[in-house]
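Subject: A structure for you to explore

Hi,

Here is the structure I promised to pass on, together with some notes on what turned up in it. Have it open while you read, and look up each residue as you go.

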Amino acid sequence: MAKSSNVLLILTDQHRLSAVGAYGSTPCRTPNIDRLAHQGVRFENAYTVCPVCSPTRATIMTGQYPHAHGVTSNVTALGCSVHELEDRPSLLSRRLETAKYSLGYSGKWHLGTDEKTIFGRSNHPCLPRDVGFEGQNFPGHGSGGFNYPEYRQYLSEKGLQHKVKREEGTKVTTYAGELEGPLESTVPYFLAENTISLIDRFAQRNRPFFIWHNFWGPHEPYYATKEFVDMYRDVEIPPWPNYEWPSRSILGPHHVNIHPDAERLTWNDWAVVIRYYYAFTSLIDSQIGRIVDYLEQTGLIDNTVIIFAADHGETLGSHGGLTDKGWHHFEETHRIPLIIRMPGSEYSGKVVSQFVSLADLYPTILEIAGVEWEPESIHGRSLMPLISGNSTTWRDMVVTEFGGVNHLALTQRTLRWGNLKYGYNCCCEDELYDLSMDPHETRNLIRHPDYQVVANELRKRLADWMAETKDPVLWRFSDRLKYYGGTGS
């Protein structure tokens with residue numbers, strides 16, 4: 001692989017593994033993502049650093065966990081320490097600039113705003129073009145991108161409309177429906193059009209490119225055109241294996257995200273929405289295919305690394321009617337798809353089982369680009385040794401952190417070690433799941449007498465990780481560790 005390889009990073013938003021065919025049997029059709037997995041390397045145990053949009057995206061740009069870079073919740077929300085990504089030489093984009101990369105951006109940013117004040121204080125906006133990117137410059141989250149001026153201008157120029165026929169049969173959400181226009185009128189198509197334009201522009205320059213393509217979906221609202229809605233109209237959606245989990249009767253932070261009508265909803269109600277979620281996912285998949293096809297048609301794919309990942313997952317009624325993300329330690333939001341397609345057939349169909357993190361993307365992309373970085377300043381490791389098969393040692397655990405979302409705060413840390421998962425809840429009892437016997441995480445074993453020794457071992461491991469990454473929560477977690485017989489740090 002040449003050091004000057006192009007890099008295309010495709011990030012979806014709130015994308016659970018049940019909506020990726022390459023990760024197992026599912027009604028959801030994702031032939032283009034599956035093609036990347038067939039041609040590339042699929043990471044079986046990839047985890048987000050945080051099941052919230054802004055913190056995860058800041059980690060990709062910094063290589064650090066949220067407690068270090070400061071974007072600890074969604075920007076402009078209470079609980080977020082840093083509301084604008086600070087422009088500095090260590091950002092991924094600025095480091096790639098030093099290697100003469102052209103930098104392109106499409107879609108959702110959510111690492112800054114165009115607001116002059118936040119909570120009554122002066123604010124200095126930071127958008128993609130402020131940190132070296134060319135391309136789209138959308139601020140904030142954007143509620144699907146439907147109202148941004150560039151998209152509205154695109155519709156006007158093409159004589160198209162964004163018009164939704166909402167699904168009236170759903171009791172779960174009002175944000176599910178069929179788009180009445182053609183595929184060309186959708187936000188995913190518009191974003192793919194921008195990325196293809198960037199590829200064209202950058203191909204004229206005698207230097208490599210890095211393009212970060214960000215879809216707004218399959219995060220709600222779940223809108224898709226008729227051809228994709230029809231794919232699932234009569235498809236049976238099996239209940240999640242943990243759907244019957246008694247979420248109301250079990251104490252814990254997850255109560256924040258129990259659907260307010262959970263007791264009155266049936267599985268059929270959830271299935272209606274999941275069909276739209278899958279339809280939206282398949283629409284997005286089609287646009288991933290458009291971009292990859294274009295790279296093939298131009299011959300650029302022979303020197304382009306394609307990385308596909310999601311920022312975090314989605315609950316969609318699992319664990320007894322949970323919605324959205326955060327407030328728990330469950331796989332539905334923590335474990336994510338990660339696929340890397342390298343030039344060359346020797347990588348085709350490879351599966352990596354080691355624990356990897358989205359924090360690993362920063363050093364991986366820099367190694368692909370031939371750019372040096374300071375390992376002591378970041379929390380991730382390059383995935384290239386795992387991809388090449390030259391790794392002799394690798395981490396045996398992975399951590400996800402959560403600090404709250406939607407103007408609510410909570411401190412949680414999740415540690416996965418082997419088949420065990422330990423969850424620290426600052427406000428209440430810890431959690432422990434043995435995924436070898438309970439893969440759907442329905443039985444908390446934190447009080448089980450047979451698991452007391454291993455629970456404390458996991459606490460010690462988490463404390464060591466906190467000390468290594470300078471997690472400020474360590475001062476409080478150490479008290480809990482001491483209470484259960486540990487020594488703390």
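T48 is buried, with a relative accessible area of 0%. Please keep in mind that this is a predicted model. You will find T48 in the loop between β2 and α2 (53-62). Which residues does T48 touch, leaving aside those up to four places away in sequence? They are T56, D311, H312, T333, H334, I336, L358, V399 and T400.

Next, the helix α1, which covers residues 31-39. Its buried residues are N32, I33, R35, L36, A37 and Q39. What do they pack against? Their partners are the strands β2 (41-47), β11 (304-310) and β13 (338-341), along with the helix α8 (267-298).

On the α1 side, the contact is made by P31, N32, I33, R35, L36 and Q39. On the α8 side, the residues are D285, S286, I288, G289, V292, D293 and E296. Sorted by class, this contact has 5 nonpolar, 4 polar and 4 charged residues.

The crossing of α13 past α14 is left-handed. From α13, the residues in the contact are N456, R459, K460, L462, A463, M466 and A467. They meet L474, F477 and L481 of α14. Here the classes come to 7 nonpolar, 1 polar and 2 charged residues.

One more helix to look at is α11, residues 361-369. Is α11 mostly covered or mostly open? It is mostly covered, since 8 of its 9 residues are buried. The buried ones are L361, Y362, P363, T364, I365, L366, I368 and A369. After α11 comes G370, which has a positive phi, near 75°.

On to the backbone. Most residues other than glycine have a negative phi, and most peptide bonds are trans. Against that background, two residues and two peptide bonds deserve a look.

- K100 is not a glycine, yet its phi is positive, about 65°. It is found in the loop between α4 (92-98) and β3 (102-107), and it counts as exposed at 57% relative accessibility.
- W327 also has a positive phi, near 75°. Its place is the loop between α9 (318-321) and α10 (331-334), where W327 counts as buried at 5% relative accessibility.
- The peptide bond from G217 to P218 is cis, with omega near 5°. P218 belongs to strand β9, residues 209-218.
- The peptide bond from E220 to P221 is cis as well, with omega near 10°. P221 sits in the loop between β9 and β10 (222-225).

Last, the cysteines. How many disulfides are there? The count is 0, where a disulfide needs two cysteine sulfur atoms within 2.5 Å. Take C50: the closest cysteine sulfur, in C53, is 9.3 Å from its own, so the two are too far apart for a bond. C50 is buried, with a relative accessible area of 1%. C428 is in no disulfide either, and the nearest cysteine sulfur, that of C427, is 3.6 Å away. C428 is partly exposed, with a relative accessible area of 28%.

Happy exploring, and do write back with any questions!

Best wishes

Technical notes: Residues numbered from 1 in each chain as written. Predicted model: local features only at pLDDT ≥ 70, side-chain atom pairs only at ≥ 80, totals over all residues. Heavy atoms only, no water. Buried < 20%, exposed > 50% of the residue type's maximum accessible area, 1.4 Å probe, protein only. Left-handed = near helix turned anticlockwise from the far one by under 90°. Helix = DSSP H or I, 4+ residues; strand = E, 2+ residues; numbered from the N terminus. Contact = heavy atoms within 4.5 Å. Nonpolar A, V, L, I, M, F, W, Y, C, P; charged D, E, K, R; others polar.
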